[in-house]
Amino acid sequence: MTLAIDLPETSETPAETSPAPQSPLSDLVARDAREFGVYARTGGWAFGLMVARSVRPGGQSSAETPKVSAKEFATLAGCSPERVMRYYKAWDRAADDGLVPHFEELAPGQEVELPDADVWLTFYVSRSSATSERGTAIAEAAEAEGIRPTKALEVAENPTALRAAILADPSTARAARAALLDRLKEDPDLQAELARDVVRTDDLKKAVATESRSADRIGYVRQIAESGQIKTPAGQTLDAPAELRQEAERHLSLIDELDDGEDAGEWATDAYDTMKNLVVETVQADPELRVQERRTKFYSSLQRVTKVFEELTFDDAQEFYEDDMVQQLEELQQAIGTCITALRGARGGAPGAE
């Protein structure tokens, strides 16, 4: 006997389901989407237009136009008059540049073609500080650097954030240092303040002394390379031999090739010591120059001693006279006499010879 069993019908493909019926589109949702689209395309221009066509320009009375004052508009909008005026002034600047119609050409509810959203930030400054003299200067400097004024003003209004960035980030610290150096050129008061800070801070004072010493040494080498002259230990100025000048140029080129962040201290010391030794060797290698060097050194010492002695005054000696003072002068007199005798003997001259 065969049993018959009723089975449900099957198919290799799933049965198609009907889409769920959509609910009617909310007018509020549609309005939000439209307004969002306008703002996505135009950015702040959409709100700027609202202000430009609804707020009356200065000088117009309420009888001349259906527009309202910035204060009234702000009350209706639930924001501050200052915020309304920032949009007003941004539109005014754009109108002066020919990007949008002037206020007088606009009526409440009027639509106009708006510029791209990115252009808005060129005219709009979101901070009231931008209207001050300080803010204007910051905005102008930002434009000169090719950045949005809003960014610079935000930093200027939050020095603590700037300090944190400088402390935490080396690249920010380097940018701050470069800016500070540029400002120092035109700000004598800041120069004086910074100088006082340096001399009051031992670590900075030592660092400045080290850098100053390196700069002086590099300057010594550069002077030889560029002028072709050397100064001997006794103070003579001479033309540098060609090989000595070439050596100075070689050291200088090595120093000039260093990156900005590299420490030139060791290179400067090596170059300086090398050139000093070469100058001494140049003097010692020439007998005539060697004698002239000693003569120059003697004269220099003699002039210093003479100047010191001439500065001594004895008008009020009775007030501080002591025996050892006379003794020192007598010893000095004997030393001078011995020196004179030696010089005369060196010349082979008779007594009285000069």
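Rings of Phe, Tyr and Trp (for Trp, the six-membered ring) are taken to pair if their centres lie within 6.5 Å. By this rule, seven aromatic pairs are counted. Ring pairs join Trp 45, Phe 47, Tyr 87, Trp 91, Trp 120 and Phe 123 into a cluster. The model is predicted, and local features need pLDDT of at least 70, side-chain atom pairs count only at pLDDT 80 or more, and totals for chains, interfaces and linings use all residues. Residues are numbered from 1 along each chain as its sequence is written, and side-chain values use heavy atoms, with hydrogens and water left out.

The secondary structure of the protein chain consists of 15 helices and two strands; these are DSSP runs numbered from the N terminus (helices H or I, at least four residues; strands E, at least two). Of the 354 residues in the protein chain, 23% are buried (buried, under 20% relative accessible area; exposed, over 50%; partly exposed, in between; 1.4 Å probe, protein chains only). The protein chain exposes about 26200 Å², of which carbon and sulfur atoms supply 53%; the areas come from the Shrake-Rupley method with a 1.4 Å probe. With contact defined as heavy atoms within 4.5 Å, 53% of the contacts between residues at least 6 apart in sequence join residues at least 24 apart.

Helix packing was described by axes, which are lines fitted to C-alpha atoms, for helices over the stretch in contact, and by angles from 0 to 180 degrees between N-to-C directions. Helix 10 (residues 188-200) packs against helix 11 (residues 202-227) at an angle of about 100°, and their axes are 5 Å apart. This angle makes helix 10 roughly perpendicular to helix 11 (under 35 degrees, roughly parallel; over 145, roughly antiparallel; 65 to 115, roughly perpendicular; the rest, oblique). Helix 10 contributes Asp 197, Val 198, Val 199 and Arg 200 to the contact, and helix 11 contributes Asp 202, Leu 204, Lys 205 and Val 208. The residues of this contact comprise four nonpolar, no polar and four charged (Ala, Val, Leu, Ile, Met, Phe, Trp, Tyr, Cys and Pro count as nonpolar; Asp, Glu, Lys and Arg as charged; the others, Gly among them, as polar).

Between helix 12 (residues 242-256) and helix 13, the angle is about 175° and the axes are 10 Å apart. Helix 12 and helix 13 are therefore roughly antiparallel to each other. Residues of helix 12 in the contact include Leu 244, His 251 and Ile 255, while those of helix 13 include Trp 267, Met 275 and Thr 282. The contact of helix 12 with helix 13 has ten nonpolar, three polar and two charged residues.

Helix 13 (residues 265-284) also packs with helix 14 (residues 287-310), at an angle of about 110° and with axes 6 Å apart. The two helices are therefore roughly perpendicular to each other. Thr 282, Val 283 and Gln 284 of helix 13 meet Leu 289, Arg 290 and Glu 293 of helix 14, and the residues of this contact divide into two nonpolar, two polar and two charged.

Two residues of helix 14 may be considered individually. Arg 290 lies in helix 14 and is partly exposed, with a relative accessible area of 27%. Apart from residues up to four places away in sequence, Arg 290 touches Val 283 and Gln 284. Thr 296 is likewise placed in helix 14. Its C-alpha atom is separated by 6.0 Å from that of Ala 234, 62 residues away along the chain. Leaving aside neighbours within four places in sequence, Thr 296 is in contact with Ala 234 and Gln 236.

Note on methods
Phe/Tyr/Trp six-rings, centres within 6.5 Å; stacked < 30°, edge-to-face > 60°.
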